Amino acid sequence: MQSSGSPSRSRHRVTGSEPIGPYTLLRLERGGLEPGVPGQFFMLEAPGRLLPRPFSLCLAPPGELAFLVDPIGPGTQALCELRPGDEIAVLGPLGHGYRLDVERPLLVGGGIGIAPLPYLAEHLGGSPPVALGFRSEEHAQAAALLPGAEVVVDPVLVTELIDPGLDVLACGPEPMLRAVAAMCPEAQLAWEAPMACGYGACYGCVVEIDGQLKRLCLEGPVLEGHRLIGHVRCQTPGMSGTAVSA
Amino acid sequence: MRILNASGCLDALAAPEVARRLDAFVTKTVTPLPREGSAPPRIAETAHGMLNAIGLANPGRDRFLAEHLPRLRELELPLWVSAGGFCADDYAETCSRLSGIEAIELNLSCPNVDEAADSAAEIVAACRRATELPLYAKLSAAHPDVAEVGRAVAAAGADGLSLINTLRGVALDRQLRPVLARGSGGLSGPSLKPIALHAVTVCREATGLPIVGMGGIESGRDALEFVACGARDVALGTVLFADPGAPERVRAELAVAYAEVGVATPEDARALAKSPETVRKVPA
């Protein structure tokens, strides 16, 4: 159910682009694409750039796929400048998403790591509790995507809202994910790494998984925290990621 | 003209459907011992290309032969195995243990290992003694005279050339730190095309050997330019990352590219690229 199947790009029209705080919610015509499992990702063509950028699906309204974009580099800026009627190539869904067979879910997001949580909450159903952390009030406007979420802003950390007895499903910056994994080794974390292809071809996205360098696009991007502890080196804020793409 | 992948730019076991779009699949380079490869970050996008420092990550010769090669054979695709190492014997031993594949590509030019290898010609000569399979020498355009290297490996028994490998480069982040953990990496993508076209041109003239041309091919027009410079076949690398459908697309575009130029055969294309109007001598 969560395999990449036969990787082929298809072109999709932009149907909308709306600001949410400093982020942009980019809506694309769904066409023949499956929305996939929450936490899986799509490679979006970044106009004018050589490589596509990975994004987890944020929302799946009827006939559309929506992605939350943080304009932190040339590729993500180009994506934020797209207007309705423009077209980009899309590949996906790719990788392995969240396991949904959890009894007491708690969704935890940090910054742009909020991206996969609205679609995840929809799949889990029953309005699961959500804890979000942002670095500023402006960024925290994105919490509007998850009505009812508990929200903290720097210097308060989202980990202060976590009950380690719950089944944590998280996405966010690496220091946050490390802190979550230390509290809840079984937590499901949407990890990120610079990624050129998304389907196992480039060998660029390796992280230390189960003590070995493995391709995140094939093994993850969602992994249990204990499989990632001991990760060799902090990723520099780089070109791309499943939640944060430059 | 056949379309292959550039070694290391596709995992046929992870994406068999993409591999089946090719006329032959070239493996990632196999070294005698397993290599975990470089620490991340391993890739960086540049203005018109990308850097990679994968570091020849591979399962090693024994495991490749025992586990990976049998699974690759199940794809029923013509297979090329890329062989690497750190001395001529490393390469020759790998060659002697390979059979039932279409060709061996000798990676004589990985930019992401520090160990100095024996000379390209010594390695090719040792491999020639070790196998009767076709041997393609993959060369770097970083050598000041790539045609000279081409001549040397041809004399040592190479059956063909793969041109070119990536070229070393560095990318810095906003804080001026190298993006890649390794510091430098191999530059690929459109930046390489003019350099690769030159290498193909001069190596074809110097050796007459069949050449697999690669370096920044994104379209059928790009492929035709390699053919015009003397490549018999082409390989796709970086373009596969963005577009796994590139083999079929490039094949379809190639026919259009021929028609747009108004030629029908590789020989016609080559004649244009070699015509006196296009090759001008610099006055002494």
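Visitor: Is the crossing of helix 7 of chain B and helix 9 of chain B left-handed or right-handed?

Guide: That crossing is right-handed; a crossing is left-handed if the near helix is turned anticlockwise from the far one by less than a right angle, and right-handed if clockwise. Please note that this is a predicted model, in which local features need pLDDT of at least 70, side-chain atom pairs count only at pLDDT 80 or more, and totals for chains, interfaces and linings use all residues. Residues are numbered from 1 along each chain as its sequence is written, while chains are lettered from A and ligands numbered from 1 in the order in which they are written.

Visitor: At what angle do the axes of helix 7 and helix 9 of chain B cross?

Guide: Two packed helices are described by the angle between their axes and the distance between the axes. Here helix 7 (residues 220–229) and helix 9 (residues 246–261) of chain B have axes that cross at roughly 65 degrees and come within 7 Å. Helix 7 and helix 9 of chain B are therefore roughly perpendicular (65 to 115 degrees). Helices are DSSP runs of H or I with at least four residues, strands are runs of E with at least two, and both are numbered from the N terminus.

Visitor: Which residues in helix 7 of chain B meet helix 9 of chain B?

Guide: They are B:Gly220, B:Arg221, B:Ala223 and B:Leu224, and among their partners in helix 9 of chain B are B:Val250 and B:Tyr258. Contact requires C-beta atoms, placed from the backbone, within 7 Å. By class, this contact of helix 7 with helix 9 of chain B has 8 nonpolar, 1 polar and 2 charged residues (Ala, Val, Leu, Ile, Met, Phe, Trp, Tyr, Cys and Pro count as nonpolar, Asp, Glu, Lys and Arg as charged, and the others, Gly among them, as polar).

Visitor: Which residues of helix 5 of chain B are buried?

Guide: A residue is buried if 20 or more other C-beta atoms lie within 10 Å of its own. In helix 5 (residues 146–155) of chain B, these are B:Val146, B:Val149, B:Gly150, B:Ala152, B:Val153 and B:Ala154. Their cover includes helix 4, strand 7, strand 8 and helix 6 of chain B. Just after helix 5 of chain B, B:Gly157 has a positive phi of about 115 degrees.

Visitor: How many residues does each chain give to the contact?

Guide: Chain A gives 29 residues and chain B gives 33. On the side of chain A that touches chain B, 19 residues are nonpolar, 7 polar and 3 charged.

Methods: Axes fitted to C-alpha atoms, helices over the stretch in contact; angles between N-to-C directions. Parallel < 35°, antiparallel > 145°, perpendicular 65-115°, else oblique. Contact = placed C-beta atoms within 7 Å. Buried ≥ 20, exposed ≤ 12 C-beta atoms within 10 Å, placed from the backbone.
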